[in-house]
Amino acid sequence: MPESSDEPIRRETFRKPGRQECADWETQLNQTILATDIREGKRGTGLAAALFHHVLEVASREVDQVDLYVAVENERAWRFYQRFGFESYGVMPRALRVAGADHDALMMTRKFR
Ligand SMILES: CC(C)(COP(=O)(O)OP(=O)(O)OC[C@H]1O[C@@H](n2cnc3c(N)ncnc32)[C@H](O)[C@@H]1OP(=O)(O)O)[C@@H](O)C(=O)NCCC(=O)NCCS
């Protein structure tokens with residue numbers, strides 16, 4: 001994905017737990033962590049939803065489920081994920097460190113089969 005200040009999607013990565021981020025699905029995986037970051041001015045426009053429809057459609061053909069972590073206090077994000085069928089299965093204390101601050105994370109999963 002080209003780097004550009006006009007690029008609405010700053011980051012969309014797929015990561016195998018414990019491994020470095022990679023740009024493509026590793027098709028042999030049945031679990032994948034997904035992180036999404038839509039540029040501020042493009043949030044609430046439907047772009048994130050369009051992206052997710054596509055990503056989950058592709059994922060459903062490649063993996064059995066998609067897992068993600070999201071900060072408990074990030075209600076906007078977890079409500080968004082819920083809308084796409086992600087269910088919370090617990091909270092991991094201090095799972096995320098953002099700009100030096102630790103956050104508890106809601107662990108969510110979307111099962112396809
Ligand atoms: C998370 C993200 C991808 C969602 O995309 P979006 O375009 O903002 O999604 P929506 O506008 O559909 O909002 C999602 C939900 O939050 C609600 N919402 C909208 N604006 C909100 C606000 N300012 N505060 C709280 N909730 C808000 C919406 O009503 C919607 O809830 P609903 O489904 O019950 O109606 C986007 O906000 C983003 O990139 N955020 C910054 C990065 C981030 O936090 N990523 C998640 C890391 S795991």
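With 4 C-beta neighbours inside 10 Å, Ala 99 counts as exposed, and this residue is placed in the loop between β4 and β5. The phi angle of Ala 99 lies near 50°, which is a positive value in a residue other than glycine. These descriptions, like those that follow, refer to a predicted model.

A second residue with such a backbone angle is Arg 94, for which phi is near 50°, again a positive value in a residue other than glycine. Arg 94 is found within strand β4, which covers residues 87-98. Because 9 other C-beta atoms lie within 10 Å of Arg 94, and the cut-off for an exposed residue is 12 or fewer, Arg 94 is classed as exposed.

Turning to the chain as a whole, the secondary structure consists of two helices and five strands, and these elements follow the pattern β-β-α-β-α-β-β when read along the sequence. The chain has 113 residues, of which 13% are buried. Among the contacts in the chain that link residues at least 6 apart in sequence, 58% are between residues at least 24 apart.

The largest nonpolar core has ten residues, namely Ala 59, Val 63, Val 66, Leu 68, Val 70, Tyr 81, Phe 86, Ala 105, Leu 106 and Met 108. Two or more residues of this core are given by each of the strands β3, spanning residues 65-71, and β5, spanning residues 101-111.

The surroundings of the ligand may be described next. The ligand has 16 residues around it, and of these Ile 38, Arg 43, Gly 44, Ala 48 and Arg 76 come nearest. At least two residues of the shell around the ligand are supplied by each of three elements, the strand β2 (33-38) and the helices α1 (47-62) and α2 (75-83). The largest share of this shell is that of α2, from which six residues come. When the residues of the shell around the ligand are sorted by class, seven are nonpolar, three are polar and six are charged.

Methods: Residues are numbered from 1 along each chain as its sequence is written. This is a predicted model: local features need pLDDT of at least 70, side-chain atom pairs count only at pLDDT 80 or more; totals for chains, interfaces and linings use all residues. A residue is near a molecule or strand if its C-beta atom, placed from the backbone, lies within 6 Å of it. Helices (H or I, at least four residues) and strands (E, at least two) are DSSP runs, numbered from the N terminus. Ala, Val, Leu, Ile, Met, Phe, Trp, Tyr, Cys and Pro count as nonpolar, Asp, Glu, Lys and Arg as charged, and the others, Gly among them, as polar. A nonpolar core is a set of buried Ala, Val, Leu, Ile, Met, Phe, Trp, Tyr and Cys residues joined through C-beta atoms within 7 Å. A residue is buried if 20 or more other C-beta atoms lie within 10 Å of its own, exposed if 12 or fewer, and partly exposed in between; C-beta atoms are placed from the backbone. Two residues are in contact if their C-beta atoms, placed from the backbone, lie within 7 Å.
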